[in-house]
Amino acid sequence: MSSREAILGAIRSAQPKALSLPDLDALGVGGRMEGTLVNFIAMLDFIGARVVRAAKLEDATTWLRENIPVNEAIASTVPQLPGTVDLSGISDPHDLDGVHTAVFPARFGVCENGAVWIEETDLGHRVLPMIAEHLFIVVRADQIVADMHAAYGRVGKIGSGFGLFLAGPSKTADIEQCLVIGAHGARGATIFIWGE
């Protein structure tokens, strides 16, 4: 047995017995947020994200044309919303430096914290939401859950090997409790909610 196998075996044997998650309703945990569009939008506003509502996805084209400067690079993984950057021709993520706006879909949104669930297969490049200056995230209005308990129930097994919850633009208040937007990532996040 190699030292690696011995170490991993020791770690596996030291793991506690797996327990199922508690039933929050049975525990009488009150005050859980309802998974409504109104609550989701209110939380997005609270965390500093811009919200755009529309009846159909195609309306996002107009918003992008009117709000993104003409010469800025747009990287999109939403077929109905073409960008100006050909993501299929990029193999080195460093080549995404300079992307002004990243456009990609979210699988669902979470009312509790305004986060959206994104999977690697929807990004083109894993680094895209971290390197772009602005995010334009598309989510269907009927794909909203109440809280992280419901969200983890939806996540299930990640087939792509990578997924993340993303909430609004990058922000920090570590230094002198002064809120700084865009310190470690995107300076802005627009959540485009479409459908009924």
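Strands count as paired if DSSP finds at least two bridges between them. Helices (H or I, at least four residues) and strands (E, at least two) are DSSP runs, numbered from the N terminus.

The model is predicted: local features need pLDDT of at least 70, side-chain atom pairs count only at pLDDT 80 or more, and totals for chains, interfaces and linings use all residues. Residues are numbered from 1 along each chain as its sequence is written, and side-chain values use heavy atoms, leaving out hydrogens and water.

I checked strand 4 against strand 7. They pair in the parallel sense over two bridges. Val-110 stands opposite Val-145 of strand 7.

Next I turned to helix 6, residues 148-155. Which of its residues are buried? I found Met-148, Ala-151 and Val-155 (buried is under 20% relative accessible area, 1.4 Å probe, protein chains only). They span an arc of only 50 degrees around the axis, which puts them on the same side of helix 6. That arc is taken from the directions from the helix axis to the C-beta atoms.

What covers them includes strand 4 (108-110), strand 5 (116-119), strand 7 (144-145) and strand 8 (163-166). Contact here means heavy atoms within 4.5 Å.

Last, the ends. Asp-147 caps the N-terminal end of helix 6, with a side-chain oxygen 3.2 Å from the backbone nitrogen of His-149. Gly-156 follows helix 6; its phi is positive, near 60 degrees.

Methods:
Buried means under 20% relative accessible area, exposed over 50%, partly exposed in between (1.4 Å probe, protein chains only). A polar contact is a pair of N or O atoms within 3.5 Å; within protein, one must be able to donate a hydrogen and the other to accept it, and residues adjacent in sequence count only if both atoms are side-chain atoms.
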